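Q: Hi! Could you walk me through this structure, one piece at a time?

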Amino acid sequence: MEYTPPPFFKRGPSLLARLSFFALLSLVLLYADARFHYMEGMRKAIGVVLYPLQRIVDVPGEVASGIGSFFVSQSYLQRENERLARENFLNAGLLQTQQELIAENRHLRQLLDMKERAGPTSAAAEILYFGRDPFSRKVIIDRGSSHKVEEGAAVVDDTGLIGQVSRAFPWTAEIALITDREQVVPVQVVRNGLRAAVFGTGYDGALDLRFMPVNADIENGDVLVTSGIDGVYPAGLPVAVVSNIERNAAYPFARITCTPAAGVNRHRQVLVLSRLAPLPEYPPAAQQKKAKPRKSRRDG
Amino acid sequence: MMRGSGFSNLSTEEILLPVRPLYVALTLVAALLLNLMPLTGWVLVLRPDFVALTLLYWGINQPRKVGFLPVWLLGLAVDVAEGSLFGQHALAYSVMMFSAIALHRRVAMFGVRHQMLHVLAILLLMQVVVLAVRAAAGGEYPGWRYFVPSVIGALLWPVTRFLFRIPLRSRRDPDEV
């Protein structure tokens, strides 16, 4: 019988064994998250634990900005007040014409027997901090699923579209900015109604308008708004302005660069729009066609 | 010459109080809070990974005090806070901890300046692991600025060492009999 003397010091498994175990565990998690998005529940649980820490860290900044805003000069306030009054006056005029337009639009849609477009409701939120992941462009806001912020909802500021809610935690939400490399927004050129898709570049202040033929009717300064055909973004939100066009006949597509209309770095306040009503069902004819082969197979 | 300076450093090394696990946990929570600071612009680019730096300190100075499980869980917490892939920092911190514990006897022989070089190498290794994971997941190289936090972290090593040792200094005068 073999005899092994008792070890002098209990040290547990070797260093390499421990590293391999945890590395393997991490790789499994990474694969499950990147490929199948299985980890959202666990992510939310950890997010809830982290929330109080995040609020604690936010306190110094809030106190500093509170003290700063307390010592604002009188003249600045007066100027600001004047500007706001002027803006309010202008907006009141626009609002009145808009109400008239809404009524007229509804009437025309009824005349044409078209589906009514439901206007999205919105909730104001504040940007807590910018995402620190250097591989993506994200911001975190202080409203979450407990404030009815849904995943996939569009987020705007006062000048245009900022992005889309990519993850909703109970009290915070993660917004993927339109400049994120993986974000695509279906847009329409205001001037001529041309439809296209805007891709994020991963850099601040630049968007790509891809897959447009070299001879496409697009000019510098063209305003791009959401087309609304994706069922995610409501139609008509300003997205970007075309800033540079390179037409090279050697390539099938033109290189078109745009600047985002919204200023993500300028404001702290954003609006989260509610998700649009779900798209109408497929027409019954198409469904029958799809279902038929399955049925016949089962019969046979 | 270098060897001599290393040994002289060893001989003047002060004797510190034993480290309590609660103190280690407190420093790690403080580091996580610093990591969660809401920052923007250039500060965000320069910001070192405080959690990694703290873990590295304990890995090099007290390799028996921090196990792999807390390190791994902290990595997951950092992943959630940053909104990155779930598990990338857990993996990177595990690799970092492994290299810190494997090298801790060697690093302790050097003076602070040479320790900084070791720290820089280990922090860069940690970031390269993250980069590799993101590259495998389809990410793109974010530019040289990506590695700036490691350099800043290595430059902060003497400060970290000094701060972490303040509560561990013996309050009694060693010359007192």
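**A pair of strands to start**

A: Happy to! This is a predicted model.

Q: Which strand is joined to strand 7 of chain A by five bridges, and how do the two run?
A: That is strand 6 of chain A, residues 184–189. Strand 7 covers residues 195–200, and the two run antiparallel.

Q: What holds strands of a sheet together in general?
A: Strands of a sheet pair through backbone hydrogen bonds, either parallel or antiparallel.

Q: And what do the strands 6-7-8-11-10-9 of chain A form?
A: They make a closed barrel of six strands, with antiparallel pairing. On average, neighbouring strands of this sheet are turned by 40 degrees against each other, direction ignored.

Q: Switching to chain B: how many helices and strands does it have?
A: Chain B has nine helices and zero strands.

Q: How many residues of chain B are in contact with chain A?
A: 35 residues of chain B are in contact with 34 residues of chain A. Helix 6 of chain B gives the largest share of chain B's side, eight residues.

Q: What classes of residue are on that side of chain B?
A: There are 25 nonpolar, seven polar and three charged residues on the side of chain B that touches chain A.

Technical notes:
Residues numbered from 1 in each chain as written. Chains lettered and ligands numbered in written order. Predicted model: local features only at pLDDT ≥ 70, side-chain atom pairs only at ≥ 80, totals over all residues. Pairing = 2+ DSSP bridges. Helix = DSSP H or I, 4+ residues; strand = E, 2+ residues; numbered from the N terminus. Axes fitted to C-alpha atoms, helices over the stretch in contact; angles between N-to-C directions. Contact = placed C-beta atoms within 7 Å. Nonpolar A, V, L, I, M, F, W, Y, C, P; charged D, E, K, R; others polar.
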